[in-house]
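Thank you all for coming.

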Amino acid sequence: MYKQIQLRKGKDESLRRFHPWVFSGAIQSMDEGIEEGEIVRVVTNTGDFIAVGHFQQGSIAVRVLSFSDVQIDEEFWHSRLSSALQMRQAIGIADNPNNNTYRLVHGEGDHLPGLIIDVYGQTAVMQAHSIGMHLCRKEVAQVLNKVMESRISHIYYKSETTLPFMTADDMNGFLIGGSDDNIATENGLKFRVDWLKGQKTGFFVDQRENRSLLEKFSKGKRVLNMFCYTGGFSFYAMRGGAELVHSVDSSGKAIELTKQNVELNFPNDSRHEAFCEDAFKYLERAGSNYNLIILDPPAFAKHRGALHNALKGYTRLNQKAFEKIEKGGILFTFSCSQVVTKDHFRNAVFTAAALAKRKVRILHQLHQPADHPINIYHPEGEYLKGLVLYVE
């Protein structure tokens, strides 16, 4: 029997609407001895069951695994992971011979808060964003291996950066198998995945559809890919027929991976050049000879306290791009900051356009792809937003 957490009167309302978080301020009392990462039952102030989930110290005290009074066991994990795979099969992203790269589990979007699983060919990369999921990692990996059958042979665990306060030696490493083959395929294009030291799980899977859209705009364009990371937008632009592509990132490791990825797909292609430089400094000194610019920066705001400065940063960055882009150019601009809403982001970009004195039209409003689903009861899961703009 799991230990219990009792809520204050009236604090069960959001859970009755199936929101998957219990905030610390909603708690009235707790059984003694509850440890971080432990599975707990959540009950109302009158003792009625309402949820079961992982406990953790902090603002979000419980991440709900189920609103049914069930055991969190092998059968539970099998059901959840099978459901995630079935959804990816239904949308045509799993078992696609042209694409072996996708997100299999997207936290709350797949009713598994605190867990991310990305698939890169024969390797699945698991990442925990809660101590509870970290403690369950081996059990989850064993069930994942069964659910995926022959689709994967290796499971790599990578949580050193998402749980930095943990001091365990086993935050990164293979839980099952082990492979040096880190080349995956996305829409027919190859790329190397740095799941050892790279950001996130090694690649930004969430921009797959937006990269495909960029490819359609790229023919004959002079492309600047800012914050290029491992060059995803760059090699899509090249396949789309870009005249030239310049990739910029402040990380030397990212630039090296970008060069490798371009070479994998377009060996000895002189259209591409990469620069290891701060984005703002590069834009400051760049000429006005680009007519397709991508701005895909890292999250400027990781918590609400940073929102004001983040919006100023988005405005400044987009203003500089508006000032530099050629007349008739196209700007792809993004925010992956969860606390920055679509309205926040659009207002920052509109302000930038006004300051740059450019006429701008929206061609597309972009978001995360279907393998990064948003739980309808958890709107906070909508984190990626973007605009495609025509700049006169």
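Let me begin with a question: is Glu38 buried, partly exposed or exposed? At 21% relative accessibility, Glu38 counts as partly exposed, where buried means under 20% relative accessible area, exposed means over 50%, and partly exposed lies in between, with a 1.4 Å probe and protein chains only.

Before I go on, please keep in mind that this is a predicted model, in which local features need pLDDT of at least 70 and side-chain atom pairs count only at pLDDT 80 or more, while totals for chains, interfaces and linings use all residues. Residues are numbered from 1 along each chain as its sequence is written, and side-chain values use heavy atoms, with hydrogens and water left out.

Now back to Glu38, whose side chain meets that of Lys3 in a salt bridge at 3.8 Å, N to O; by salt bridge I mean a side-chain nitrogen of Lys or Arg within 4 Å of a carboxyl oxygen of Asp or Glu. This pair links distant parts of the chain, 35 residues apart, since Glu38 sits in the loop between β3 (27-30) and β4 (39-43) and Lys3 in strand β1 (residues 3-7). Lys3 is partly exposed too, with a relative accessible area of 30%.

The structure holds 17 salt bridges, and among them is the one between Arg271 and Asp269, with the closest N and O atoms 2.9 Å apart. Glu284, Lys320 and Glu323 are linked in a network of salt bridges.

With 15 residues, α10 reaches 21 Å from its first C-alpha to its last, close to the 21 Å expected at 1.5 Å a residue, the expected span being 1.5 Å times one less than the number of residues.

Which residues of α10 are buried? They are Phe345, Ala348, Val349, Ala352, Ala353 and Ala356, and because they cover an arc of only 135 degrees around the axis, they lie on the same side of α10; the arc is that of the directions from the helix axis to the C-beta atoms. On the other side of α10, Asp343 and Ala354 are exposed.

The buried residues of α10 pack against α9 (307-324), β18 (329-335), β19 (360-367) and β20 (385-391), where contact means heavy atoms within 4.5 Å. Just after α10, Lys357 takes a positive phi of about 60 degrees.

How values were computed: Helices (H or I, at least four residues) and strands (E, at least two) are DSSP runs, numbered from the N terminus.
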